[in-house]
Amino acid sequence: VFPESSLKVTGVDFLKSQNTRQHHTDGYSIQSLVVRRGQPFQVQVSLSRELRPADKLTLRFGIGESPMKNRGSLLSLKPEREDFNGWKISMVERKGKECLLSVTSSPNAPVGIYNLHVKTGSNIYKPENGVIYLLFNPWCEDDVVYMANDAEKEEYVLNDTGTIYVGSAYSIYNRPWNFGQFEEFVLDACMYLLDKSKLSLAQRRDPAHVSRAMSALVNANDDSGVLLGNWSGNYVGGTSPMDWIGSVTILQKFYKTKKPVCYGQCWVFAGVLNTVMRCLGVPCRCVSTFDSAHDTEENLRVDVYLNDKGEKLNSLSLDSVWNFHVWNDAWMKRTDIPDGFSGWQAIDATPQEQSQGRFQCGPCPVKAVREGDVYLPYDAKFVYAEVNADRVYWVVKKVNGKDKYFKVGTETQAIGKNISTKAVGQNRRVDITKEYKYPEGSKEERMSMQRAYSFLRPSGLMPRSGYASTMQRIGANTEPLVPKEPVTKTGLHLEITNTEPLHPGNPLEMAITVKISAPGNWTIDLTGSCQLQYYTGNVQANLGTIKEIITLEGPSEMQIPLKIAPDAYMKTLSSVEDEVLILVTAIAEVKETNDKLTKETSMRFQYPPITVQMPETASLYNDFNCAFIFKNKLNVTLENCKLLVEGLGLFKMTTFELGDIMPGRIMKSEIVCTPTRLGEKKIVAKLISNQIKGISAEKAIFITE
């Protein structure tokens, strides 16, 4: 055999534009080929001469540091030998010195970065930029992340913008978020996290292992992951959690520095984890739960301690109720647990509690939470408690110099309300509480609770602060299994509302409505308090209290006003770095029957809007102008205003320093946008000042050819 007749490869074309279109990966801003597993892609190999029957041509796909066949990290594919480890290869056509080959990876191949080498006889050709990124494939029926509905895939895999719901159950509002899974370096950051996770090749096949590892790596605890959590109110040396409007800056900065980015709180962790999962090809959504319990002892009870003025005390509570908490649901078939628990799985990157020695949470089947099967992996007990705990109120009074605890109310239906996510294909909130819980009071709910309780065994009812050991046990009976709202002899009922819009700089005008349904004359002791608190339930300031004795002839109701002057709260509002909520707590006691009832409501301040002005459509690479207009309709000057704007596929994240905006003043900022991608694109804006942390706006524009 003459040496010149030995077959050599002269080039490999990855046919990027055709492959990425078919694989729904044409959005990724990356040089290399990105494809999804279990679906064919084509490569064109150019040879030094025509292929002869005796020639041996092999495509070798390797993953990891030193790929080896016996470890499954090196795949040797020969066109004549169709199948290798579930991978397939075939010759599509031969034209002169060109061969067109079709490669189909296994639908459970490990995800990650593969290197392609082409072997001909004893020659090995290493193409320039010969790496292929292999992702999960929700379009492939044999992939465990398969999702049948196209509109859902469009939302949960391909949508790079979205909304995270925050606020309180009384006033939910939406915070726009740019996920940006297709932006530059984001896919590389995700691949870096996969390597950092030390998952085995076998574990990289399974989205359950991958999503659990990512929930650990998105927080910086244990493994110097992406984001450092901070709830202290002091964000020196980093970005305040309120100042982010998307995941892109965070992931790009992390990938560049390989150090945790400062700082995150729950919606930031959820926004970033959502980006990471969508980027890797796992359908994912952000889920917000209002009045979410952080129950440190898994006894399905959260104790709230009040002083005799009805003000909540921070110091005594080990566990807490967050006004809202945001986690994620990832979509997959679970192969590691019994059938019937596939579909949405809760995962949570906020570092709240360790699971198997690391700050990670999930995947926990949402169906397991609903059915009460809290023994299933992973962390189902924790997630169950977040949406199902009871809230018990205690008043702490000094008796002979010692603290004594008096129970003033139990709420059994107060936790895990209005579980929310963004609707598929629409910009509105959809309530998914029924996916997590059966309707309150239904037979199914009772059965589910009984199941859960049999695995959790809540302790008897006694207060649970550091002082609890000195207390005698209150009634040795454990919690009843049939949850009921406390029924009082008099049908006592409390409602808390605001009677005027809650604008910063104005008096806060609220009202407590006391209702009684039993006939007769009743004397009611009413205590009410107003405080400012963080969304984690941490009180920042006491603003005022009322104490009234009212007499009602039942059935009737009475409205008691609660008014707070601006001076009482503006100083706190301007000095905190976080958004605060207004917490109103009311305790009512009927003298004649000793009926007691406690109710709390959190409300958010209301702000004037930002208006975004731009055309409805624009064409690719043709610049257009976008203006942001804000009128300060409040009675206070907004100090140190900053406007943060970002438009994926239009312009990079930009900050305008606007200084102080006096009452009545109008501010206008403009930016030039250059559309680089087709389809609907969104612009997100956020205004931040000393007084106000959360005015957001978003507007969409359609980009055509």
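Colleague: What makes the charged end of Lys-397 count as sitting over the ring of Phe-406?

Modeller: A charge sits over a ring if NZ of Lys or CZ of Arg is within 6 Å of the ring centre and within 35 degrees of the ring normal. The charged end of Lys-397 is 5.5 Å from the centre of the Phe-406 ring and is assigned as sitting over that ring. This is a predicted model, in which local features need pLDDT of at least 70, side-chain atom pairs count only at pLDDT 80 or more, and totals for chains, interfaces and linings use all residues. Residues are numbered from 1 along each chain as its sequence is written, and side-chain values use heavy atoms, with hydrogens and water left out.

Colleague: Over which ring does the charged end of Arg-175 sit?

Modeller: Over that of Trp-267, at 4.3 Å from the ring centre. Trp-267 also belongs to an aromatic cluster with Trp-231, Phe-269, Phe-290, Trp-322, Phe-324 and Tyr-535.

Colleague: Why is the pair of Tyr-192 and Phe-254 called tilted?

Modeller: Rings of Phe, Tyr and Trp (its six-membered ring) pair if their centres lie within 6.5 Å; planes under 30 degrees apart count as stacked, over 60 as edge-to-face and the rest as tilted. The centres of Tyr-192 and Phe-254 are 5.8 Å apart and their planes stand at 55°, so the pair is tilted.

Colleague: How do you know whether Phe-254 is buried or exposed?

Modeller: Buried means under 20% relative accessible area, exposed over 50%, partly exposed in between (1.4 Å probe, protein chains only). Phe-254 has 0% relative accessibility and therefore counts as buried, whereas Tyr-192, at 24%, counts as partly exposed.
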